[in-house]
Amino acid sequence: MLAIFLIAAWHTSYFLINSAASYSFLIKDDFIKYDFIYTPLILPFFWWMGKKYDEARFYSERDPLTALYNRRFVWRKFPELLEKSRRGGGRLQIYILDINDFKNINDTYGHELGDLVIQDLSMALLKHTSRSSLVARWGGDEFLVITPQISGDSSHSLIAMLESTLAEASYDVGARVTVSLGRAVYPNDATTPNELIRIADERMYKHKL
C-alpha cells in the first residue's frame, strides 16, 4: 500500500504542476506506463522487506528464549522511564531476580529443562506485573523488572505471587526451585540507571547468602 501511495503521489504532483506533462508522463502510446502495471508485482517484495525489518527489530530488543526485553533495550529505555517518573513526581522500583543454584539444575537435569524453568518464570513475571512494568531477561538466569512503586516494599509480595510457578518448576525438575531478589527505588536509593541496578544487584546477592 505504501508503494502504491508513493507512486500515486508522484504522478499527482506532476498533474498539479502541469497536467499536460502529467498525461505524457503517465501515458505512453495510449498505455499506462510500466510503474503502475508492475506495482502489484513489487508489493510482495516490499511486504517481505517490511517483515524482515520487523524481525530484525524484534530480535534487537527481545531475548529469543523468553521473548522478554533484553539488556540492550533496557539500557536504551531506562533513562526515559526515569525522566517520566521524575516529571510525574513518582517512584520506580527496580528488581533483579536470580534463580538459585541454576547451574546445578542445568548440570543435573539438562539445559532443556533449565530453559523450561526460565520460560516458566518469565511468563509468571509478565503475569504478576502491571502493563506499565518493563520485564527483561538480564542475562542467563537473571531477570530485571522496572515498575512504578504503588506502596511500601513489595519485594516479598512479588515472590509470594511467584510461589505457585516456582512450585510447578520444582515439581518438573524434581528439586526445589527458588529465587533471590534485590530491590532499589528511584529516587530514594539512587537517580541513575547504573547505580540503581548496582544497588539492586548487591541486595539480591545479600538475599542469596
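User: Angles run from 0 to 180 degrees between N-to-C directions, along axes fitted to C-alpha atoms. At about what angle does helix H6 run to S5?
Analyst: The model is predicted. Helix H6 spans residues 111-127 and lies across the strands S3, S4, S5 and S6. Relative to S5, helix H6 runs at about 0°.

User: In what order do the 4 strands of the open sheet stand?
Analyst: The pairing in this sheet is antiparallel. Its edge strands, each pairing on one side only, are S4 (134-139) and S6 (179-186). On average, neighbouring strands are turned by 20° against each other, direction ignored. The order is S4-S5-S3-S6.

User: Which residue in S5 stands opposite Leu97?
Analyst: Strand S3 covers residues 92-99 and strand S5 covers residues 142-148; they run antiparallel and are joined by 7 bridges. Opposite Leu97, the residue in S5 is Phe143.

User: How many residues apart are Arg76 and Glu61?
Analyst: A search of the whole structure finds 9 salt bridges, and one of them joins the side chains of Arg76 and Glu61 at 3.0 Å, N to O. The pair links distant parts of the chain, with Arg76 in helix H4 (residues 71-88) and Glu61 in helix H3 (residues 34-61).

User: Is Glu61 buried or exposed?
Analyst: Buried means under 20% relative accessible area. Glu61 has a relative accessibility of 13%. Glu61, because of its 13%, counts as buried.

User: Where in the chain does Asp63 lie?
Analyst: The side chains of Asp63 and Arg137 form a salt bridge of 3.2 Å, N to O. Both residues are buried: Arg137 has a relative accessibility of 15%, and Asp63 has 11%. The pair links distant parts of the chain, 74 residues apart, with Arg137 in strand S4. Asp63 is in the loop between H3 and H4.

User: What is the relative accessible area of Arg87?
Analyst: Arg87 and Glu83 both lie in helix H4, 4 residues apart, about one turn of the helix. Their side chains meet in a salt bridge of 3.6 Å, N to O. Glu83 is partly exposed at 30%. Arg87 is exposed, and its relative accessible area is 60%.

User: Which residues do salt bridges that share partners join into one network?
Analyst: The salt bridge between Arg87 and Glu83 lies within helix H4. Salt bridges with shared partners make one network of Glu83, Arg86 and Arg87.

Conventions: Residues are numbered from 1 along each chain as its sequence is written. This is a predicted model: local features need pLDDT of at least 70, side-chain atom pairs count only at pLDDT 80 or more; totals for chains, interfaces and linings use all residues. Side-chain values use heavy atoms; hydrogens and water are left out. Two strands pair if DSSP finds at least two bridges between them. Helices (H or I, at least four residues) and strands (E, at least two) are DSSP runs, numbered from the N terminus. Contact means heavy atoms within 4.5 Å. A salt bridge is a side-chain nitrogen of Lys or Arg within 4 Å of a carboxyl oxygen of Asp or Glu. Buried means under 20% relative accessible area, exposed over 50%, partly exposed in between (1.4 Å probe, protein chains only).
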